There are 4 protein chains.
Amino acid sequence: MRTGVWLVGGRGSVAVTSTVGALALRAGLAEPTGCVTELPALRAAALPALADLVFGGHDVVTTPLTKKAEALAEAGVLPARLVAALTEELATVEAELRPAPTGERQASVIEEIVADLTGFRERHGLDRVVVVNVSSTEPVPAADPAHADLAALDAALAVGSPLPPSSAYAYAAFTAGCSYVDFTPSTGARLPAVAELARRAGVPYAGHDGKTGETLVKSVLAPMFAMRNLKVRTWSGLNLLGGGDGANLADPAANAAKSASKQRVLGETLGYLPQGNTRIEYVDDIGDFKTAWDLVTFSGFLGTAMRMEFSWHGCDSALAAPLLLDLARLTAAAHRAGRTGPLPELAFFFKDPLGEVPHALADQWGILCAFARGLDADRTEGTPDAVAA
Amino acid sequence: MRTGVWLVGGRGSVAVTSTVGALALRAGLAEPTGCVTELPALRAAALPALADLVFGGHDVVTTPLTKKAEALAEAGVLPARLVAALTEELATVEAELRPAPTGERQASVIEEIVADLTGFRERHGLDRVVVVNVSSTEPVPAADPAHADLAALDAALAVGSPLPPSSAYAYAAFTAGCSYVDFTPSTGARLPAVAELARRAGVPYAGHDGKTGETLVKSVLAPMFAMRNLKVRTWSGLNLLGGGDGANLADPAANAAKSASKQRVLGETLGYLPQGNTRIEYVDDIGDFKTAWDLVTFSGFLGTAMRMEFSWHGCDSALAAPLLLDLARLTAAAHRAGRTGPLPELAFFFKDPLGEVPHALADQWGILCAFARGLDADRTEGTPDAVAA
Amino acid sequence: MRTGVWLVGGRGSVAVTSTVGALALRAGLAEPTGCVTELPALRAAALPALADLVFGGHDVVTTPLTKKAEALAEAGVLPARLVAALTEELATVEAELRPAPTGERQASVIEEIVADLTGFRERHGLDRVVVVNVSSTEPVPAADPAHADLAALDAALAVGSPLPPSSAYAYAAFTAGCSYVDFTPSTGARLPAVAELARRAGVPYAGHDGKTGETLVKSVLAPMFAMRNLKVRTWSGLNLLGGGDGANLADPAANAAKSASKQRVLGETLGYLPQGNTRIEYVDDIGDFKTAWDLVTFSGFLGTAMRMEFSWHGCDSALAAPLLLDLARLTAAAHRAGRTGPLPELAFFFKDPLGEVPHALADQWGILCAFARGLDADRTEGTPDAVAA
Amino acid sequence: MRTGVWLVGGRGSVAVTSTVGALALRAGLAEPTGCVTELPALRAAALPALADLVFGGHDVVTTPLTKKAEALAEAGVLPARLVAALTEELATVEAELRPAPTGERQASVIEEIVADLTGFRERHGLDRVVVVNVSSTEPVPAADPAHADLAALDAALAVGSPLPPSSAYAYAAFTAGCSYVDFTPSTGARLPAVAELARRAGVPYAGHDGKTGETLVKSVLAPMFAMRNLKVRTWSGLNLLGGGDGANLADPAANAAKSASKQRVLGETLGYLPQGNTRIEYVDDIGDFKTAWDLVTFSGFLGTAMRMEFSWHGCDSALAAPLLLDLARLTAAAHRAGRTGPLPELAFFFKDPLGEVPHALADQWGILCAFARGLDADRTEGTPDAVAA
């Protein structure tokens with residue numbers, strides 16, 4: 001089952017870490033640490049093998065892949081020896097990275113994306129392609145009546161540029177018969193009109209906003225307080241991060257999108273929203289390793305005041321990269337199994353998951369495991385691939 | 001369903017906080033924060049109501065209950081206003097606190113405990129009594145062939161004192177037809193001979209070592225790392241605590257028992273034991289609020305080194321006290337439902353639970369919820385109480 | 001040497017904690033912990049004794065002193081037993097608390113303040129009075145040509161209200177022949193016109209912004225990095241605080257004044273400004289105890305990247321209150337010794353000290369000790385008091 | 001002024017980091033970050049230039065210098081590019097590293113050391129040589145009457161091995177007319193008999209135990225609490241470290257020596273010893289970067305309880321290496337200036353300094369600056385070098 005992974009933002013830190021990692025795993029040069037789909041509970045036969053993934057993508061920047069990989073190695077995100085050992089394989093991926101289409105007419109941009117996706121699929125004889133958005137976070141777009149349904153959207157596209165870029169990508173993906181994963185908090189497939197297109201095209205999509213660090217911790221700590229009937233009074237946090245995404249998040253509009261996404265887990269798992277905020281602060285020199293600090297104050301029996309602090313010092317790219325591979329594999333398998341529309345079963349991976357789903361990590365894990373088992377069950381009963389053969 | 005709660009160590013911090021709290025809840029003076037059995041998912045009809053609990057106990061010290069409660073209020077563990085408001089109710093409990101039986105012949109000590117338990121049950125017309133050990137942690141006892149089976153134990157009791165005190169209490173509880181909860185890491189009912197007695201007496205028991213702070217956090221964080229396939233390399237911790245239990249844990253033997261209990265969750269949930277230890281250190285001036293600090297180092301995708309620290313500043317007595325009430329209610333309900341022997345379904349409450357059970361908090365929670373639902377189901381089908389009536 | 005201490009914001013947390021503390025010390029009910037002037041190195045004969053301090057003040061709120069003290073006791077800032085023991089003494093101070101003069105004409109407001117100060121001095125036969133501003137932080141005022149010199153200011157006062165309130169208080173204090181301490185980051189005596197008035201009136205003043213917590217720590221850690229030639233790359237912080245001052249600082253304008261004041265120490269002691277900011281965030285439920293967290297990243301020999309985190313959990317009112325007493329005693333002694341204008345020697349106490357002074361705490365300490373010794377030396381040579389007698 | 005630096009433990013992490021760093025600085029490949037003697041306040045003309053230092057040493061291990069340097073680069077202690085660029089220079093130092101003399105008769109061992117030192121000095125035409133002990137920490141030796149004076153020691157050396165290895169090195173250094181620096185907590189020159197030899201030989205020595213991390217922080221924070229008259233109630237710490245020194249410190253005897261050394265600063269700067277301990281724990285996987293966590297609880301005005309935590313994540317070798325260069329330069333300059341015996345002025349560098357000296361870092365800094373200025377003053381008045389010429 002040859003599966004294409006088309007990375008929107010294919011020269012960015014997350015995309016390049018994923019690419020180098022997938023190539024390294026295939027070459028037996030690394031362990032699949034951080035890859036959830038390599039855990040026994042999720043290792044489903046229905047998933048495409050890592051060796052079956054073919055990478056391509058778009059980007060607005062033009063830094064050569066190897067150069068970016070070397071910069072990541074310098075920053076401690078990747079081992080330098082891997083970059084050195086994978087020169088040839090990286091060149092093959094480099095050949096499939098295209099400049100992100102731009103232009104005044106959004107309809108033309110979408111057409112070009114569709115053409116690139118179709119060409120990629122045909123060139124490599126791929127069974128299916130997953131488009132994964134790992135480009136910079138967009139500001140929340142203004143409301144637009146064209147977003148409400150597909151007819152209105154198509155009418156608006158005939159005369160203007162009604163979509164934020166992430167949604168234009170989702171539109172193009174669905175048009176090309178590709179599934180779509182939004183790893184960022186950007187709008188993507190969340191507009192009703194775009195979601196409608198996914199259903200019509202018969203393809204699934206997943207999102208939003210990969211859960212890699214502080215929110216991951218929140219998604220186990222908040223349920224812990226809830227299960228123990230302890231009352232969380234305040235939960236405040238500060239995220240210090242440098243690197244590319246950090247600079248972008250310094251933009252207040254993008255920051256607001258991200259911060260809201262980060263607080264959602266508290267309300268959903270506690271049943272109430274404690275006081276406090278999560279701040280994101282860009283400090284260039286911090287680099288690719290993010291430090292998040294959280295203070296939780298809570299009261300226990302008879303009102304006794306207590307507190308907990310944690311600090312998380314993680315490399316966002318290294319945390320996100322294996323999840324990107326997991327999501328590509330799971331979404332491709334869901335596509336093949338005939339799933340269309342949102343995949344709420346993948347909530348485990350996201351800060352701001354699609355659908356009415358639990359936000360406690362353990363609950364999400366249970367759902368994910370059942371989903372993976374279901375893919376295998378479908379397969380046994382007569383898989384689309386078998387039918388196609 | 002009038003239920004007795006007999007506290008071994010009834011004048012200690014945990015016992016007194018539980019007692020004051022139960023009285024305050026009954027009087028409508030406090031919220032049931034920290035009481036797990038008051039959560040919707042666990043609020044089973046089969047559980048005795050808080051108002052049905054009657055308190056008594058043993059202790060080697062003689063500090064009046066009110067004096068101890070005032071000291072706890074001074075230390076910030078309890079609101080002073082509650083102690084003032086509950087003078088009368090506390091006097092009623094005071095009347096049921098007995099000096100802990102002591103003596104050269106352990107058989108006589110056990111007899112006296114049995115007599116005290118029986119008297120307590122009869123005096124108050126109790127349906128059943130739960131004995132809860134919240135006394136100081138004992139050193140790990142030396143191996144003794146008399147611990148292997150009940151016949152050998154009874155023979156040894158005829159001539160000597162083969163049991164550690166916590167096990168003598170468990171023996172007496174079972175002899176008196178009471179269920180038993182070990183909230184400490186002491187041996188209690190864990191000896192085969194004593195466990196055999198529980199089965200013969202047809203009573204259930206639960207344990208060991210209430211999970212109140214650092215280990216609670218570990219039981220959600222370690223599964224998080226496991227679910228994300230992140231490799232935990234080291235997990236080291238320091239617990240700084242004052243107060244009575246702290247002084248006792250400064251004794252290296254007791255400390256060893258506790259530390260081993262605290263590391264178990266890591267091996268069980270990660271599937272391997274990372275490097276590092278958990279240290280307990282007594283610092284008198286720290287008082288009743290414990291500060292625990294943990295450092296976790298882990299590696300992610302392609303071996304990237306990352307780290308997490310947390311510090312937990314909690315009041316052990318305030319965290320333990322509501323769990324003691326939960327355990328008394330759940331164990332009494334299990335007793336009534338005809339359960340005998342160990343109750344592994346209560347693993348949620350313990351650092352070092354009985355039986356082969358999951359150690360991830362969310363899994364333990366699922367099992368606990370099913371257990372509580374089961375108690376209600378039993379009840380509907382024809383409960384022992386209905387039969388007795 | 002009877003000395004008046006006139007508190008602007010006399011019913012606020014800091015003022016009331018100072019007042020209760022001074023009364024408690026005088027009554028022998030407390031130790032002078034936190035009082036710098038009680039350390040051997042500073043215990044100068046020239047300082048007024050704590051027993052010689054007489055308290056009065058202005059406030060816009062009308063909460064009775066005892067009520068506020070009880071609220072502080074409830075919040076853990078003060079021991080309740082002190083409030084109970086000092087009822088009578090607090091009533092005496094209550095009698096000297098006046099409503100803060102308000103009105104359309106600032107000249108009249110100033111006149112009323114002068115009248116209150118003069119009345120206070122005469123009523124109690126005080127040798128001198130120190131006015132201490134512990135009211136809420138003001139926004140930074142707009143530039144105004146009337147601030148440039150005293151003639152322009154007096155002309156502007158004749159027709160309008162050119163001064164921010166803190167500066168109006170400084171103006172009134174100087175007019176009344178009182179010295180002035182600005183414990184807040186507000187403008188106070190920093191306007192050239194107001195400073196000119198101090199010199200003409202022959203009175204000294206001190207400020208700005210009491211250094212109580214995070215900045216205090218910075219003032220020893222930053223010099224440590226400097227003395228070791230370690231390169232601080234980033235220094236970021238988050239201050240979480242509730243209580244009255246917190247709510248006020250949530251106002252972005254006041255927050256900006258405070259944050260700038262908090263970063264100054266880094267540039268001054270390191271010789272360069274590292275990346276990063278200090279944020280202040282109001283979280284009502286945090287209450288009177290502030291938690292500050294700082295992350296410092298630095299590089300050492302051959303560029304090796306290292307890091308330090310600290311969290312400070314302090315009670316601002318309890319930290320500030322004894323310093324207020326120190327400042328009142330030192331400023332009164334300086335006044336008596338004939339000092340006029342700014343007192344840069346008191347930089348030890350301030351985040352944003354007056355004059356070109358060192359910002360490393362140890363250097364400020366050396367200067368302060370010399371200043372205290374100097375006061376005694378002046379005194380021996382023929383003190384103003386001796387002359388007056 | 002050509003100066004030899006003879007490193008006892010010359011193939012260890014600290015020694016190799018110092019060596020690579022000194023060579024890199026000389027070659028203009030690195031900045032002198034972390035070198036205290038490169039700060040304007042200490043840049044004395046009397047100090048030997050970095051370019052004048054010549055390195056040699058002893059070690060019991062035989063790992064080639066370049067191999068060790070590469071391992072340090074792999075561990076993130078050194079930039080790999082420096083090791084690559086300095087191959088030739090490292091080979092020159094390699095030629096001056098000798099196996100540590102061993103043998104049954106300590107007198108012979110000392111003789112061999114003396115011969116190696118003398119040979120090194122003559123081979124390179126060195127004006128003087130500083131012996132620096134950076135070998136593994138020894139256990140505290142048993143008391144021995146032979147340590148009391150030089151005559152007794154010499155008698156004991158004639159028949160046995162009365163000295164711990166570090167003291168044998170100090171003895172040999174002094175015999176060879178070399179100055180001596182003890183960067184470890186080992187005994188070194190602290191025995192009266194060995195100190196006597198230093199005075200007779202007319203050479204100076206410095207020590208003990210380089211202050212690189214947690215104790216450095218304590219030496220500014222403890223004085224901060226003292227200057228503010230805040231009462232430190234408890235100070236507890238945990239040091240987690242891997243690498244070579246860590247493994248050695250896991251030995252309880254060496255651990256005890258180090259821990260005592262680490263607490264001394266508190267008693268000396270606070271004037272009393274707060275409760276609590278500093279623990280050192282070896283966790284192999286932590287590697288060369290040490291994490292120390294400290295909890296300080298203190299009370300302020302009217303007894304209000306407050307707390308501070310810090311965690312320090314530093315690379316001990318990177319922190320120690322530049323100080324080693326500083327100490328070699330300063331001790332050589334003191335030797336040249338005619339100083340003999342202990343150099344208490346260098347307390348700034350040590351956890352457990354020689355003599356009755358202040359332990360607050362700022363005070364030690366002041367003394368160090370005066371010392372450096374004094375060296376230049378001596379020089380102007382007619383330096384030993386001028387006389388020798």
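Select chain A and start with its radius of gyration (taken over C-alpha atoms; the globule rule is 2.2 Å times the number of residues to the power 0.38). Chain A has 389 residues, for which a compact globule would have a radius near 21 Å, and the value of 21 Å for chain A agrees. This is a predicted model, in which local features need pLDDT of at least 70, side-chain atom pairs count only at pLDDT 80 or more, and totals for chains, interfaces and linings use all residues. Residues are numbered from 1 along each chain as its sequence is written, chains are lettered from A and ligands numbered from 1 in the order in which they are written, and side-chain values use heavy atoms, with hydrogens and water left out.

Keep chain A selected. Along the principal axes, its C-alpha atoms fill a box of roughly 65 × 50 × 50 Å. Coloured by secondary structure, chain A shows 14 helices and eleven strands; these are DSSP runs numbered from the N terminus, helices being H or I of at least four residues and strands E of at least two. Of the 389 residues, 63% count as buried (under 20% relative accessible area; exposed is over 50%, partly exposed in between; 1.4 Å probe, protein chains only). Among contacts (heavy atoms within 4.5 Å) between residues of chain A at least 6 apart in sequence, 77% join residues at least 24 apart.

Next, select T215(B), in helix 9 (residues 214-227) of chain B. At 1% relative accessibility, T215(B) counts as buried. Beyond its neighbours within four places in sequence, T215(B) is in contact with K262(B), V265(B) and K351(B).

Now show chains B and D together. Their contact takes 24 residues from chain B and 23 residues from chain D. About 2,100 Å² is buried between them, 53% of it from carbon and sulfur atoms; buried area is the accessible area (1.4 Å probe) that two parts lose on being put together, summed over both.

Four salt bridges cross this interface (a side-chain nitrogen of Lys or Arg within 4 Å of a carboxyl oxygen of Asp or Glu). One to select is E281(B) with R279(D), whose closest N and O atoms are 2.4 Å apart. On the side of chain B that touches chain D, strand 7 (231-241), strand 8 (278-282), strand 9 (289-299) and strand 10 (305-315) each supply at least two residues. The largest share, six residues, comes from strand 7 of chain B.
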